Amino acid sequence: MPDRSTLLRVESLRKVYESTTGDVEAIGDVSFTMNAGELVCIVGPSGCGKTTLLKCLAGLLRPTGGLVEMDGSPVTGPSPAMAVVFQEYGRSLYPWLTVRGNVELPLRHKKLSRAEREKLVTDALEAVGLAHAMRSHPWQLSGGMQQRVAIARAIAYQPELMIMDEPFAAVDAQTRADLEDLVRELHATRGMSIVFVTHDIDESVYLGQRVLVLSKSPTWVQEDLAIDLPPERDQITTRALPRFTALRTHVYDQIQRAKRGQGVAPPLAR
Ligand SMILES: Nc1ncnc2c1ncn2[C@@H]1O[C@H](COP(=O)(O)OP(=O)(O)OP(=O)(O)O)[C@@H](O)[C@H]1O
């Protein structure tokens, strides 16, 4: 029986891609739970099945076996309780709509008055620091700003869970640091529940309350690591902490083991 605060439950999830050239078992057996209000990062070796897992969580891909549950109900298709932010912001925004129009679009499927919609859009754009750009078009904005629009669209939708798939992989390092802090802030101030998939070990430790390390494909959860860094984090002091170094070294070591197919949790020095 799941705990009442359990938001997401993944049980023995398996995904096999079938094709005429042969089957690919991407996800072997993945199980984990996540509570409401948590920020969970998922890392793993290249090609280990992160995107496949995420699509199964979001109901965008039908698993071959096992179960994904949100709030105790099985996820069988795209759910209004979830919003997904992808890496390719350029392809997820509509160039002919303004920033405001892009953020507002999914809300048109919700039963909201125009005033309610406008308030949600304005509020979301303020939260990502783009209130001044609402009349611009996406192509008039930098890559980092476009990804902020995609995040604003997810926030405005008021999902119970925001799922992010390597969202900052295509932006420069400084913008990436700013966007990481934006995610931390949204989590802290709005209590958002976030699953954040990344290939960047340091990013996973800096952002997460937990880091799930995936094995190589066919995937299972090699480690569910609690990140015991102070909740108030900043790019300079947090990353300079000896504990940060110990945690990122541990995750790095785990991923090396995962690549070699030696998925056993090494002891983490305190
Ligand atoms: N549509 C598909 N048909 C067949 N095999 C697929 C398909 N999509 C992914 N795969 C395979 O499933 C496995 C996992 O792929 P997936 O893209 O989920 O991994 P990933 O961890 O997100 O990869 P990356 O680290 O490159 O982002 C890989 O072996 C991949 O080749």
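Reader: Let's start with Gln222: why does Gln222 count as buried or exposed?

Author: Gln222 counts as buried because Gln222 has 22 C-beta neighbours inside 10 Å. The cut-offs are 20 or more other C-beta atoms within 10 Å for buried, 12 or fewer for exposed, and partly exposed in between, with C-beta atoms placed from the backbone. Keep in mind that this is a predicted model, where local features need pLDDT of at least 70, side-chain atom pairs count only at pLDDT 80 or more, and totals for chains, interfaces and linings use all residues. Residues are numbered from 1 along each chain as its sequence is written.

Reader: Where is Gln222 found, and what does Gln222 touch?

Author: Gln222 sits in strand E10 (residues 219-226); strands are DSSP runs of E, at least two residues, and helices are runs of H or I, at least four, numbered from the N terminus. Leaving out residues up to four places away in sequence, Gln222 touches Val213, Leu214, Ser215, Gln254, Ala258 and Gly263 (contact means C-beta atoms, placed from the backbone, within 7 Å).

Reader: Switching topic, which domains is the protein divided into?

Author: Domain 1 (1-81 + 162-270) and domain 2 (90-158), with bounds from an automatic or database domain assignment. Their centres, taken over C-alpha atoms, are 26 Å apart.

Reader: How many residues are in contact there?

Author: 10 residues of domain 1 contact 8 residues of domain 2. On the domain 1 side, helix H6 (residues 173-190) gives the largest share, 5 residues.

Notes
Contact = placed C-beta atoms within 7 Å.
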